[in-house]
Amino acid sequence: MIHLTRARRLSVLALALTLLLAGDPPPAHAQGGPVTLNLVSWSYGVEIVRDNVAKFQQRYPGVTVNYSDFSWGTYHDAMVARFVGRTPTDVLYASDHWLQEWAAAGWIIPIDEPFPQVRQYLAEYSPFVREALTYKGRIYGTPYYADTFIFVYNADHLQRAGISAPPSTLEELTRQAEAIKAKGIAEFPIVLGWGQQDPFSIESFTSLVFAQRNGSLFDKDFNPVFKTPGSAADKVVTWAADALGGKKIMSPTSLQAANLDQIRSLQSGAATFGIVPSYTLAVLNDPGQTQLAGKFKIALMPGETRATVGFIRFYAISAQVPRRGKDAMTAAWSFLDYFGGKIDGEYRITKRWSLDKGLGFAQTALFADKEIRAAFGKWADVDMLQKQAQLARAKDGMTPYYGTWDVYSRAELHKAYLGQQKPAETLANMARKWEELKAKEK
Amino acid sequence: MTGRRARRLERAALNVACLGVAFFILAPFVWMLICSVAGEAELTRRPPVFVPTPPTLANYTFIFTGRLPQDPARHGIFVWQTSQEVRLLLPALRNSFIVAVSVMAANVVFGGLAAYTFARLRFHGRRSSYAFILISRLMPAVAVAIPFYAIVQQLDLLDTYRALILVYLAFTFPFTIYFLSVYFRYLPAEVEEAALLDGCSRFQTLLRVVVPCAAPGLVAAAAFAFMTAYNEFLFALLLTQTIAAQTMPVLLAAVATNPAVSHALLAACVTLAIIPPALLGLVLRRYLTRGLAASIAR
Amino acid sequence: MTPERCYPYATVLPVLVVVALFTVYPLLYSAHLSVHENVLTRPLDHDFVGLQNFREVVTGYYFWRSLWSTAVFAAMAVAAVALYGLGTALLLNQALLGSALLNVVVLLPWAIPTVISGIIWRWIFDGDYGVLNGLLLVTGVVKRYVPWMSQPFTARLCMVVAHVWKQGPLASVFLVAALQVIPPALYDAAHIDGAGRWRAFRFVTLPYLKPTLGLVLIYETIVAIATFDLVYVMTGGGPADATAIIGWYAYTEIFRFLNLGHGAALALILGVMLLGLVMIYLRAFRAEDAT
């Protein structure tokens, strides 16, 4: 009999549990003040973002910011799910990789029509920033940071190998790497962040292409010029495949590495050369993190033109905001202006990122700023940084389908690097994919 | 003599094989435990420090209190790499638990009722509905991701427990029904018939006679449902966006795919996340094997 | 109707409704999506395009590539799980101290979410800091760290190991259950007939295991084909798409290429292709039903 009652009690309990537990807690975006802004970013310097948000809320007491962050590698996908699912998202980080894609899908809005005052800032930006922030003649945000890809080397390794100057071309890079390998200083002197998951990888690749003679991927009408034999891209892919599989001077982990893995390899002295966004040099030369601090130097991107990729990450306003009404729009603009524009006549947040983390900036004039020069001077040759920044170009081929092509191309490039197919095949496939996507766009 | 020696040798070899498999099973757990009490700098060395001395609780402290470790030499780049996301582990575990327990309870109650009906009763559409339920499980989950998303969106259930529970019920019912109906069918029917003759209703019979006999089977089915719900990733990823409903696998995947994460910290998260299902697995092991054995034995 | 006549329908209906909601509707929805243009970056074009999406998916590079990757992964994974399950089951079925110990822990990985097992194993196999490399280096097996996850073949192997660790235990438990119902008398008979170990296994154990083994194989095939979590946390499809199996491809099509029409067409093609497997599965259930 005990059994029977216990069984019944259990089943009643089970039913009750189902019904009780299935209730949901109140939504997380409960109103804290007149306006709540949902801010989404990728995970970087989260503690600084929080601090900035707190200061912003002090200045705008009517606005409450609800903050969440996602990993950089999956940020695109996470945002797509949010946009499609209409998860409350008001202001967000975005990248020039996806600006056109998100704008075309109607997920983020141009801000220069409701807030023409954004145009006052444009003249101060580097040309590549202006270009990369624009889609169909409209401006889509204010800069979080703008940076360039730079070539870094471990000066100590070069000295030990008896090399007096860093490489100025790919051929020289190969020779120096071979010498360093031969002397046993580093098993794999070159490490790149070419993991298939890292959106930086296409930018790092493009930087090398830009640095070569006739270094472009697309012409003005978005025709792929990289598939022609002997193109800059052909040269870079062929070089990389040989460095990786042939001469074994490039670390095999490059194909799994994200930017951070690259940092770890360089910091530990396992590798000599890398291609990184310039702020990474601040990490590499941070004495709190590695004994090799101070050994890492910047050189112009190896190649005939010495050009590189300049990229922009920016604050955007989601299309949900105008639907929420005027107050929300005003609050969102306040946020963009506070974070990406001037506060009391000064780019305060932008400067903070530069001083604390070494992030680059869109506003060229900041290179003359005393504080910034002093801070950057601790980890880099500032004139050299500026010189490389002046040679920077926005990625070419910026279209709503660039993101799709990027993901496709990362795998195609891997196949060439691994020797699974010829570089020419990879480039032909990449061109075919591009044409296919372009044809659909009409 | 030689025969006995050969047998002894064979026993030794088999014991070693058992230990080998046990090592394969346990080593990852042990390594995670070790990592979780280490500093980041000890793990990013070549080779890593195999025994962190002294063990540190800094990683756990951070998860529970948000306090950053004080020793930068040991925890190295930990500080600037920290994503606050790991602090959401406990709410995510709570979400996982609520969803999994709900799914489990509903499986036992509704799945059990239906399975008993399929096992014992004749009615119109029995065969076809049984076949339909079983076949439904064969739809590859990734293939129906978009429509599932659309349904949940139309029901206005995105980012809620209820969405996950509904979807997981659709996933777990087929197995529960199959498993329990087979199980029930091999219970002796005589006692039930006697109860029915005594004037008990179907439901009463089920509750008073069948449930006690079928306890191991029910526990096994419950455990399966719980684990499926606790483990599921793809739909949790699609259908939840905030910590209001985000489950542990989604949170941990987000943390783990972040190259900036501290591995020691991640190991602490993993260790904490493993404890509940591992305990459940250990406790229910007997029931599970007995339940499975009974359903297979026929 | 009397309560007694209502009872079967009342008990079956809740389950049927939930299952149908997530079966019938998704199929119709997919069918509709698949014959229309639906790319998220072109929110205004939703033309009827007939079978164009199907044509593009089938002639596209990803489809065949991911089918091949899926086949390779599934073949390796299913074989490995079956062998591991069988071996472990035979060990568990002995009267040994080791078996008793193994019995306590064998089911443990099964309780661990796939995502977590992927995270753990990725960290173990890490080419720069993985403990496997550390152990191999210390014991002198390798001279320098091996980048396990950077080569297509080894990356697949890593995924299979993680998969076996997580999926193997269930297979073991199923097979042990099956082993335990083999009447010992049969072994005695085989022994009397002078059959050796192998012959006893071949002619007594294996036939008894066959139905369960079949079930395990089919179940594991479906699990392997549907794998997504492992790819997501371990490799992201790389290197060179070697681990981009079909589940990952479907995810990419939707979340990275934003092409829902393709996604739906792919779903339906997959469904039809799985029909072969479904038939086998069904037959297995039928056989079960008949007994």
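The model is predicted.

Chain C is built from helices. It holds 14 helices and zero strands. Along the sequence the pattern reads α-α-α-α-α-α-α-α-α-α-α-α-α-α. The C-alpha trace of chain C spans about 75 × 75 × 35 Å along its principal axes. Of the 291 residues in chain C, 50% are buried. Contacts in chain C reach across the sequence. Among those between residues at least 6 apart, 69% join residues at least 24 apart.

One helix pair within chain C was examined in detail. Helix H4 (residues 61-92) and helix H10 (residues 197-225) of chain C have axes that come within 9 Å. These axes cross at roughly 140°. H4(C) and H10(C) are therefore oblique to each other. Their crossing is right-handed. On the H4(C) side, the contact is made by Thr70(C), Phe73(C), Ala74(C), Ala77(C), Val78(C), Val81(C), Ala82(C) and Gly85(C). H10(C) contributes Val216(C), Leu217(C), Glu220(C), Thr221(C), Ala224(C) and Ile225(C). Ten residues of this contact are nonpolar, three are polar and one is charged. An α-helix has 3.6 residues a turn, so residues three or four places apart point the same way.

Chain C also touches both other chains named here. With chain B, 84 residues of chain C are in contact with 79 residues of chain B. Helix H1 (residues 3-21) of chain C supplies the largest share of the chain C side, twelve residues. By class, the chain C side comprises 66 nonpolar, 15 polar and three charged residues.

With chain A, 22 residues of chain C are in contact with 27 residues of chain A. Four helices of chain A each give two or more residues to the chain A side: H3 (75-85), H4 (99-104), H11 (259-267) and H18 (402-417). H18(A) gives the most, with six residues. The chain A side divides into nine nonpolar, twelve polar and six charged residues.

Helix H8 (residues 145-154) of chain B is mostly covered, with seven of its ten residues buried. The buried residues are Ala145(B), Ile146(B), Pro147(B), Phe148(B), Tyr149(B), Ile151(B) and Val152(B). Their cover comes from two chains. From chain B it includes helix H9 (161-185) and helix H13 (234-239). From chain C it includes H1, helix H2 (24-34), helix H12 (246-255) and helix H13 (260-273). Asp156(B) follows H8(B) and has a positive phi, near 60°.

The largest nonpolar core contains 338 residues. The residues that touch the most other members are Ala332(A), Val103(B), Leu164(B), Val167(B), Leu252(B), Cys269(B) and Val270(B). Leu164(B) touches Val99(B), Phe235(B), Ala236(B), Leu239(B) and Ala245(B), not counting residues up to four places away in sequence.

In chain A, H11(A) is among the helices that give two or more residues to the side touching chain C. H11(A) is also mostly covered, with eight of its nine residues buried. These are Asn259(A), Asp261(A), Gln262(A), Ile263(A), Arg264(A), Ser265(A), Leu266(A) and Gln267(A). The buried residues of H11(A) pack against both strands and helices of chain A. The strands are E6 (142-154), E7 (190-191), E8 (273-277) and E9 (296-299). The helices are H9 (200-211) and H12 (280-284). Gly269(A) follows H11(A) and has a positive phi, near 80°.

The axes of helix H15 (residues 348-357) and helix H16 (residues 370-377) of chain A come within 8 Å and cross at roughly 25°. That makes H15(A) roughly parallel to H16(A), since angles under 35 degrees count as such. The crossing is left-handed. Lys351(A), Ser354(A) and Leu355(A) of H15(A) make the contact with Glu371(A), Ile372(A) and Ala375(A) of H16(A). Three residues of this contact are nonpolar, one is polar and two are charged.

Methods
Residues numbered from 1 in each chain as written. Chains lettered and ligands numbered in written order. Predicted model: local features only at pLDDT ≥ 70, side-chain atom pairs only at ≥ 80, totals over all residues. Axes fitted to C-alpha atoms, helices over the stretch in contact; angles between N-to-C directions. Parallel < 35°, antiparallel > 145°, perpendicular 65-115°, else oblique. Left-handed = near helix turned anticlockwise from the far one by under 90°. Contact = placed C-beta atoms within 7 Å. Nonpolar A, V, L, I, M, F, W, Y, C, P; charged D, E, K, R; others polar. Buried ≥ 20, exposed ≤ 12 C-beta atoms within 10 Å, placed from the backbone. Core = buried A, V, L, I, M, F, W, Y, C linked by C-beta atoms within 7 Å.
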